[in-house]
Amino acid sequence: QVQLVESGGGAVQAGGSLRLSCAASGVNFRLGAMGWHRQAPGKQRELVADIHLNGNTNYGDSVTGRFTISRPYPGNTMYLQMNDLKPEDTAVYYCAGKRTGLGEEWDYWGTGTQVTVSS
C-alpha cells in the first residue's frame with residue numbers, strides 16, 4: 001500500500017529555519033498532487049501548501065513568503081522549506097497525496113512530524 005513518511009521536524013527558535021521531507025513508497029505512478037498540512041493543539045488541521053503535477057503551488061495565507069514547497073521531477077518526494085519560523089507555526093505537519101490532481105479529498109496521509117518553534 002502507499003505510505004508517506006515525513007522527516008525533518010524538530011525544535012527551533014523563532015526566526016529559524018527547518019526543511020521537511022516527505023517520501024512516498026508503494027506507488028508506481030506520479031501522484032497527482034502532494035501537500036503539507038498542519039494541526040496545532042486545539043485547532044483544526046489546515047493546508048500549509050500543495051503542489052500539482054503542472055507545478056502549480058498554493059500556500060496558506062499565514063505562510064506565504066516564508067515557506068516554499070518543492071517536488072523534484074519525476075518522483076514522489078516533496079520538501080517544505082520553512083524560513084522565519086514563528087511560534088504560531090508550532091504544529092504537527094502532515095504530508096498528503098492525491099492519486100489525481102482532482103477533487104478536494106486527499107487519498108494518502110503520513111503520520112506527521114512535530115515542529116516546535118520557541119519565542
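Modeller: Residues are numbered from 1 along each chain as its sequence is written. The model is predicted, so local features need pLDDT of at least 70, side-chain atom pairs need pLDDT 80 or more, totals for chains, interfaces and linings use all residues, and side-chain values use heavy atoms, without hydrogens and water.

Biologist: Why is Arg38 called buried?

Modeller: Buried means under 20% relative accessible area, exposed over 50%, partly exposed in between (1.4 Å probe, protein chains only). Arg38 has 5%, so Arg38 is buried. Arg38 is found in strand β4 (residues 33-39); strands are DSSP runs of E, at least two residues, numbered from the N terminus.

Biologist: What makes the pairing of the Arg38 and Asp89 side chains a polar contact?

Modeller: A polar contact needs a pair of N or O atoms within 3.5 Å; within protein, one must be able to donate a hydrogen and the other to accept it, and residues adjacent in sequence count only if both atoms are side-chain atoms. The Arg38 and Asp89 side chains make such a contact at 2.9 Å. The Arg38 side chain also makes one with the side chain of Tyr93, at 2.9 Å.

Biologist: How do you know that Cys22 and Cys95 form a disulfide?

Modeller: A disulfide is a pair of cysteine sulfur atoms within 2.5 Å. The sulfur atoms of Cys22 and Cys95 are 1.9 Å apart, and the pair forms a disulfide. Cys22 lies in strand β3 (residues 18-25) and Cys95 in strand β9 (residues 91-98), 73 residues apart. Both cysteines are buried.

Biologist: Why is the disulfide of Cys22 and Cys95 called left-handed?

Modeller: Its S-S torsion is about -65°, so the disulfide is left-handed.

Conventions:
Helix = DSSP H or I, 4+ residues; strand = E, 2+ residues; numbered from the N terminus.
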